[in-house]
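This report concerns helix packing and salt bridges in a protein model. The sequence and structure are shown first.

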Amino acid sequence: MKIRESVVKIGLCSSSLMAVAALFIVVAYVFFNGAGIINLSFLLESPYRFEYGGIFPQIIGSLCLVGICLLFAVPLGVASAIYLVEYAPDNIVTASVRFFIECLAGIPSIVIGLFGLVFLVYRLGLGISMLSGGLTLGFMILPWTVRASEEAIKTVPYSYMEASLALGASKWQSIYGVILKSAYPGIITGILLGMGKAMGETAVVLLTAGSGLESFLPQSILDPVASLPVYIYMLATQGHTEASYSRAFGASLVLITMFLIISMFAMFLRNRYISRNSGF
Amino acid sequence: MNKVNVEWVIEKLLFISAISSSFIVFFIIIFMLHEGIPALAIGWDFFFGMDWSPSNNQFGIFPIVVSTFVVGIGSLLIAAFIGIPAAVYLAEFSPRWVHSIVKPCVEMLVGIPSIVLGFFGLMVLIPLIRDSLGGWGECILAGWIILAIMTLPHVISISEDSIRAVPKAFKEASVALGATELQTIWKVILPNARSGILASLILGMGNAIGETMAVLMVIGNPNIPWIPSSILEPVSVLTSIIVIGINYAAWGSMHQHALFAIGIVLFAIVAILNAITTTVIRRGVS
């Protein structure tokens, strides 16, 4: 009996280790195949066809897209969250706003990409551009910023609000000066997670922002823009040579590194936030 | 008086933000329907037609829908088979230090960009399958494995939370009656955590069906899809057919309308799965 228990326990343990192993195998494989190609000129030069040059425009393009995405999604998301938590009356309008934001979170990214293509690219005539891509990414992460900000605002004790109101501050002054000040690490964590999601998203960018192989830096927000994920996609599916595969590994490694930095920063912020809120 | 006005304006601005956030969904639905309706209007031949061949004006998506479910359900079974035991271990047995290593890794796994996972699959899994099992290499099996890796973290996290949510008293009562730890887990903890685990699986399925790039790169995407008869055959799924086709579809052609209609079908499937998840969770709570 005792032996059976420990056998099962080892089985359970090994299945959880498989998840860890999957992460390590993928990251290690990408690292060992990509590390060889990464040097300063790979990071700072423009690509030339599939096999030559570097990925500078791709890195800058990805950062620009994420920047536009955040400029759109963060103000709108945080404002919506403040309204939903602090102001919203308990009525049908509020309930349906919540419902639709939840819906948006459930829409597959490819569908949001199609919407960006028909609405922004064709209907509004923005073309295949940085602006279209960034805004469509913004639609995609908006529900996450709303949700994360709501959670963060809700964790601020109500007594803070009461204390501020009792000191004579108006409702907005209390929210701005007290609630947001205490909630901001949580909000930033949520934004960072959304940022990681936007950075790795391929389908949306492929449909709305450009083909990924552009060798120039965007001159305006209405130019098509290159990005790391689409670059990887192009090299992986249309390169068919060792040189282009190793470039794709290099770009993957850069993408994963950017992502890991963002999510470690997010975890760090969250842990500090939790320990502070638990009275540490 | 002035201060009251500022407050009023700010409240209205916040209200407008919240409303416009939810309006995006309306816009998405309206535009998708507007572009998709000409193809949806084909009716029976669209939903149950067996031939997808845009160059011959054939737009039957039935084989694609079947393949999508085959890929989604298979990957979910793999993820459940690994993820639920892992969740039990993390919630019930893991020492603190193991938990503090495994949990962040699981969270990181969510975020590995899908394109990188797909590329990994293309470079590693496909040659492996081709050499050991034969066939093209790009096949349903490869899609299952890649999607299982993507779904696994969701299954583990939500299942672990719902196992932890089972009141300690239940477990203590069971142990006090002389049950072993494993008997307790099997007979007491898992039945009580059932709704959360089920919810994680349905949600995982929704994610798997909506996932695009990783799947696209490993399943082969034959130009004319058919209903697969073996897991070593290449298939097309709803998401991959959109990405591959959208470059070739002339704007305003029936092909383009059909791709948007596929987007609507995808949206509907995922929305239904999400609605089921919500109901399951709600029923579990009450």
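## Basis of the model

The model is predicted; local features need pLDDT of at least 70, side-chain atom pairs count only at pLDDT 80 or more, and totals for chains, interfaces and linings use all residues. Residues are numbered from 1 along each chain as its sequence is written, chains are lettered from A and ligands numbered from 1 in the order in which they are written, and side-chain values use heavy atoms, with hydrogens and water left out.

## Helix packing in chain A

Two packed helices are described by the angle between their axes and the distance between the axes. In chain A, helix α3 (residues 56-87) and helix α6 (residues 130-154) have axes that come within 6 Å and cross at roughly 35 degrees. Axes are lines fitted to C-alpha atoms, for helices over the stretch in contact, with angles running from 0 to 180 degrees between N-to-C directions; helices (H or I, at least four residues) are DSSP runs numbered from the N terminus.

The crossing of α3(A) and α6(A) is right-handed, meaning that the near helix is turned clockwise from the far one by less than a right angle. The contact of α3(A) with α6(A) has 22 nonpolar, seven polar and three charged residues. In this classification, Ala, Val, Leu, Ile, Met, Phe, Trp, Tyr, Cys and Pro are nonpolar, Asp, Glu, Lys and Arg are charged, and the others, Gly among them, are polar.

## Salt bridges between helices

Over all chains, the whole structure has seven salt bridges (a side-chain nitrogen of Lys or Arg within 4 Å of a carboxyl oxygen of Asp or Glu). One of them joins E150(A) and R98(A), at 2.8 Å from N to O. E150(A) belongs to helix α6 of chain A and R98(A) to helix α4 (residues 92-106) of chain A, 52 residues apart. E150(A) is buried at 9% relative accessible area, whereas R98(A) is partly exposed at 32% (buried is under 20%, exposed over 50%, partly exposed in between, with a 1.4 Å probe and protein chains only).

In chain B, E92(B) and K171(B) form a salt bridge of 2.7 Å, N to O. E92(B) lies in helix α3 (residues 62-93) of chain B and K171(B) in helix α7 (residues 168-176) of chain B, so the pair ties together parts 79 residues apart in sequence.

R164(B) and E160(B) form a salt bridge, with their closest N and O atoms 2.9 Å apart. Because they are four residues apart in helix α6 (residues 140-164) of chain B, about one helical turn separates R164(B) and E160(B). R164(B) is partly exposed, at 46% relative accessible area, while E160(B) is buried at 2%.

Conventions. Helices (H or I, at least four residues) and strands (E, at least two) are DSSP runs, numbered from the N terminus.
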